[in-house]
Amino acid sequence: MSVFEHPSYDNHEKILFATDKVTGLQAIIGVHTTVSGPACGGCRMWSYPSSAEALEDVLRLSQGMSYKNIMADLPIGGGKSVIMKPEGEFNRQDLFEAFGRAVESLGGQYITAEDVGVSPDDMMAVRQSTKHVVGLPEGKAASGDPSPITAEGVFRGMKVCIERGLGKTDLSGVRVAIQGAAGHVGAYLSGHLAEAGAELIITDINEAGLKDLEAKYGAKVVGLDEIYDQDVDVFAPCALGAIVNPDTIDRIKAKIIAGAANNQLATRDMGAEIQKRGKIYAPDYVLNAGGIINVMGEIQGDFDPAWVQGKLVGLENTLGEILDQSENEGRPSNIIADEIARARIEEKRATKTMEPA
């Protein structure tokens, strides 16, 4: 199957396959759209079983970034990159410098940042080869790790869902199951929830991280597969995508599905299945946009925490409007969000086409 016939190909503007024999780099960069500005989205490093699965991931993630950035009203387009993690020992510094050269070859059409499996220090290595990188360690005009702001955005959105779904304006006694709780975003989210009085049930592949959260917040630790079956109010996917699927949807007892993971729905029609079961779904690219909002200040060259906080309030309002429209029209929230995002992108494209050369 070629890229053009791939079911997740969505008229992406550019797909770059980058390899470097010396460092072992095998990366794919997906530029979905640049109608609002340069495509921006994180770099994920993962042990993909095959290049086909890496391609599937980058196609879906880059499209999601276009939707995320346009819904957050940011002057950037959508892109994403994935690195197939080399087997065995490898020089991490050299690998990310080679990845930086691939980013540089796009001439500023794509700006990278960190995502799953990648750190701000890795971005410093990328910075050795290209200036088109954000999410650098904190400093002058640098935003640092975006995970805390992503978690704050998810927490704020979760409260919007809880008010609508449970009729509560506070989180005291609300039971939340967090999948991927020991990850960068999941750990910060756990802190926000615990401080607000929520009861946590958590799982992750990082056992040491789970023990830390258990000790800090009194969280209950369960097995990786057991997380779906918990009697909770909120199910928060904060790991990898496609976890709401035909095999799991009837196991999820929560009234609300709201988390930080990208592409939580295995297919778009899962949104309708969620709605049929009387549950609320917070579209992931609306809920988890805090991270890209955080690095936007870095892209602009004048990082302003107050501007970031204002954008997070905007996300709350956008999510509320989507959920209200979903309830009023009896249509899935993910479909409504997609329609709004696509309409905004087409409006930008039409405006750009009309601009004088």
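A crossing of two helices is left-handed if the near helix is turned anticlockwise from the far one by less than a right angle, and right-handed if clockwise. In this structure, H9 passes H10 in a right-handed crossing. The structure is a predicted model, in which local features need pLDDT of at least 70 and side-chain atom pairs count only at pLDDT 80 or more, while totals for chains, interfaces and linings use all residues. Residues are numbered from 1 along each chain as its sequence is written, and side-chain values use heavy atoms, with hydrogens and water left out. Helices (H or I, at least four residues) and strands (E, at least two) are DSSP runs, numbered from the N terminus.

**The five-strand sheet**

- Five strands form an open sheet of mixed pairing, in the order S1-S2-S4-S3-S5; two strands pair if DSSP finds at least two bridges between them.
- Its edge strands are S1 (14-20) and S5 (110-114), each of which pairs on one side only.
- From one strand to the next, the twist averages 20 degrees; angles run from 0 to 180 degrees between N-to-C directions, and axes are lines fitted to C-alpha atoms, for helices over the stretch in contact.
- Strand S3 (residues 39-46) runs parallel to S4, and six bridges join the two.
- Tryptophan 46 has methionine 84 in S4 as its bridge partner.
- Helix H1 lies across S1, strand S2 (25-33), S3 and S4, and runs at about 155 degrees to S4.

**The six-strand sheet**

- Six strands form a second open sheet, with parallel pairing, in the order S8-S7-S6-S9-S10-S11.
- Strand S8 (220-221) and strand S11 (280-281) stand at the edges with a single partner strand each, so one side of each is left without a neighbour in the sheet.
- Strand S6 (residues 175-179) and strand S7 (residues 199-203) run parallel and are joined by five bridges.
- Isoleucine 178 stands opposite isoleucine 202 in S7.
- Helix H6 (residues 207-217) packs on the sheet, where it touches S7 and S8, and its direction makes about 170 degrees with that of S7.

**Helix pairs**

- The axes of helix H2 (residues 92-104) and helix H3 (residues 120-127) come within 7 Å and cross at roughly 55 degrees.
- H2 and H3 are therefore oblique to each other; angles under 35 degrees count as roughly parallel, over 145 as roughly antiparallel, 65 to 115 as roughly perpendicular and the rest as oblique.
- The crossing of H2 and H3 is right-handed.
- In H2, Arg92, Gln93, Phe96, Glu97, Phe99 and Gly100 meet Asp122, Ala125 and Val126 of H3, where contact means heavy atoms within 4.5 Å.
- The residues of this contact divide into four nonpolar, two polar and three charged; Ala, Val, Leu, Ile, Met, Phe, Trp, Tyr, Cys and Pro count as nonpolar, Asp, Glu, Lys and Arg as charged, and the others, Gly among them, as polar.
- The axes of helix H9 (residues 290-300) and helix H10 (residues 305-329) come within 10 Å and cross at roughly 145 degrees.
- Gly290, Ile293, Asn294, Met296, Gly297 and Gln300 in H9 meet Trp307, Val308, Lys311, Leu312 and Leu315 in H10.
- By class, the contact of H9 with H10 has six nonpolar, four polar and one charged residues.

**Buried residues**

- Aspartate 57 lies in helix H1 (residues 51-71) and counts as buried at 17% relative accessibility; buried means under 20% relative accessible area, exposed over 50%, and partly exposed in between (1.4 Å probe, protein chains only).
- Apart from its neighbours within four places in sequence, aspartate 57 is in contact with Arg44, Tyr48 and Val82.
- Proline 86, in the loop between S4 and H2, counts as buried at 16% relative accessibility.
- Proline 86 and leucine 25 are 61 residues apart in sequence and 7.3 Å apart in space, C-alpha to C-alpha.
- Threonine 318 lies in helix H10 and is buried, with a relative accessible area of 13%.
- Not counting residues up to four places away in sequence, threonine 318 touches Met71 and Val286.

**Residues with positive phi**

- Most residues other than glycine have a negative phi.
- Aspartate 73 has a positive phi, near 60 degrees; this aspartate 73 is in the loop between H1 and strand S4 (77-84).
- Aspartate 73 is exposed, with a relative accessible area of 55%.
- Alanine 242 also has a positive phi, near 60 degrees, and is found in the loop between strand S9 (234-237) and strand S10 (256-257).
- Alanine 242 is partly exposed, with a relative accessible area of 31%.
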